[in-house]
Amino acid sequence: MKGSIYGKNEPEQEVLFDVELSLDASLGQISAGLFVFEQGVTLRASKKDWKKNKKEYQERANWLMTWHYVFYQKICNKEYVTSGSVLECTNGSKPITIQLPEDHGIIAANDKPLLTCKDCEAGTHIGSFGTCYCSPENYTRLTHHPSELSGEEQADGRGKYKCFPILDHNWITKNQDYMISVSNIEADFHAALDKGAVLICRYGGLITVAEVPDKPDDGLQNEPMVSEVPDDDFYVNFYYDWMKEGMKSSPYVTPDFLKKVDEISAELEINPDDLMAVMAFESWLNPSTGKGTKGAVGLIQFTQTAIDQMNDDNDTNYTKDQIVKMNAVDQLDVVSLYLKKYKGEMDGLSDVYMAVFAPSCIGKGDDAVVYSSENSPKAYEYNEGLDKDKKGYITVGDAVAAVIDRRTLYE
């Protein structure tokens, strides 16, 4: 039911809440939808009392919720944001309205639901601001350009692309004194979104709330919301510029390759930059590395021993010759198959590289010895270049430092 409160000290605006009450019989405690009461305010009832006086409890809950909202609005002098509020971006060509497809159970005086600071998903809550007038310099390894041209490019290169916000974080606000529960999970509370909050786009735009509508029919009419993130949005998961021009790896690293790396990294629960760094060190990202030799081959330098073990673990029959003849994107499936065995054990770059270089050292510290001239002379001799201090042994730290040096070239 919806309820409102008027009386001797009537609030300046009517505040409506859509409340669903339920009874926890084990505790005799009533919950009022997803609203978070001020600490110490509870409603309790027996099963018999619940059936008899449910309507009264609903009205009581509405009363409490209304005055809770009004209290914070008056004390803190804040205006909270509802669906349909007008947003502006410093790089956008036009304002838009923010949407809330699924409300949190709290309806304000304009008959629209209140938002939280978590309601900032591009394509769901926030659409396109028209044309993006950010500086071309903002299209970097961190934020590759969007996919659609605007047809409004200026002489300085601004306005070349249509806007599609890339939003890494929540709305930023200093005020978190009014909280909304967004699920039935205990302590799953998010701060209500106030008008003074800001949101930052990776392209450099500052998104702010320009206006909160007073009436249900106030506000702009948006163009149809963008339903999907652009195809190149996976770029945001990479920090390093793996498509950097002039590198030995340049011919092999395509958008399709990076997209596949991003996908398999998510499946393996590892950072895609870590996997790219390992492959860049092992093969310069050339899937044909080692072709025609008796040594290791491919993106992660598959040895015959590693291939045999992978085949045994997965009931496959890959050969070195098959792997080395694959293109880079297809060979990533074999890389994923090999690393699958270590899923859940690879916590950072060191472990990802040890899974390839020396799996027995996964989870060990930098000082752990991997190979030594005394105990593993052949393996030490083959990788002696990693022992820069000529100690006679190679540590985990020695090996990972070499990978980091290679990764640095892509900054």
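I call a residue buried under 20% relative accessible area, exposed over 50%, and partly exposed in between, with a 1.4 Å probe and protein chains only. I note that the model is predicted, that local features need pLDDT of at least 70 and side-chain atom pairs pLDDT 80 or more, and that totals for chains, interfaces and linings use all residues. Residues are numbered from 1 along each chain as its sequence is written, and side-chain values use heavy atoms, with hydrogens and water left out.

**Entry 1. Cysteines**

I looked for disulfides, taking a disulfide as a pair of cysteine sulfur atoms within 2.5 Å. The count by this rule is zero. I then checked individual sulfurs. For Cys-120, the closest cysteine sulfur is that of Cys-117, at 8.4 Å, which is too far for a bond. Cys-120 is buried, at 8% relative accessible area. For Cys-201, the closest cysteine sulfur belongs to Cys-89, and the 6.1 Å separation is too far for a bond. Cys-201 is likewise buried, with a relative accessible area of 8%.

**Entry 2. The four-stranded sheet**

I took helices (H or I, at least four residues) and strands (E, at least two) as DSSP runs, numbered from the N terminus. Two strands count as paired if DSSP finds at least two bridges between them. In what order do the strands of the open sheet run? I read β7-β6-β13-β12, four strands with antiparallel pairing. Its edge strands are β7 (96–97) and β12 (198–200), each of which pairs on one side only.

I followed the pairings of β13, which spans residues 206–211. With β6 (residues 86–89), β13 pairs in the antiparallel sense over four bridges. Here I find Val-86 opposite Glu-211, and Leu-87 has Val-209 as its bridge partner. With β12, β13 pairs over three bridges, again in the antiparallel sense. Leu-199 has Ile-207 of β13 as its bridge partner. The hairpin of β12 and β13 has five residues between the strands, and in this hairpin Gly-204 takes a positive phi near 100°.

**Entry 3. A nonpolar surface patch**

I used patches made of residues with over 30% relative accessible area and no salt bridge, joining like charges within 9 Å and nonpolar side chains (Val, Leu, Ile, Met, Phe, Trp, Tyr) within 5 Å. Accessible areas come from the Shrake-Rupley method with a 1.4 Å probe, and for residues only the protein chains shown count as cover. Which residues form the nonpolar patch on the surface? I find Ile-172, Ile-200 and Leu-206, with about 250 Å² of accessible area together. Leu-206 is found in β13 and is partly exposed, at 35% relative accessible area.

**Entry 4. Helix α4**

I examined burial along α4 (residues 304–314), where the buried residues are Ala-306, Ile-307, Met-310, Asn-311 and Asn-314. They cover an arc of only 135° around the axis, which puts them on the same side of α4. The arc is that of the directions from the helix axis to the C-beta atoms. Thr-305 and Asp-312 are exposed on the other side of α4. I recall that an α-helix has 3.6 residues a turn, so residues three or four places apart point the same way.

**Entry 5. Salt bridges**

I counted a salt bridge where a side-chain nitrogen of Lys or Arg lies within 4 Å of a carboxyl oxygen of Asp or Glu. The count by this rule is eight.

One of them joins Lys-195 and Glu-79, with the closest N and O atoms 3.8 Å apart. This pair links distant parts of the chain, 116 residues apart: Lys-195 is in the loop between β11 (189–191) and β12, and Glu-79 is in the loop between α1 (47–76) and β6. Lys-195 is partly exposed at 30% relative accessible area, and Glu-79 is partly exposed at 32%.

I also looked up Arg-158 and Asp-156, which form a salt bridge with the closest N and O atoms 3.2 Å apart. Arg-158 is partly exposed at 31% relative accessibility, and Asp-156 is partly exposed at 46%.

Next I took the salt bridge of Asp-333 with Lys-260, where the closest N and O atoms are 3.1 Å apart. Asp-333 lies in α6 (residues 328–339) and Lys-260 in α2 (residues 255–268), so the pair ties together parts that are 73 residues apart in sequence. Buried or partly exposed, which applies to Lys-260? Lys-260 is buried, at 17% relative accessible area, whereas Asp-333 is partly exposed, at 40%.

Last, I noted that salt bridges that share partners join Asp-387, Lys-391 and Asp-398 into one network.
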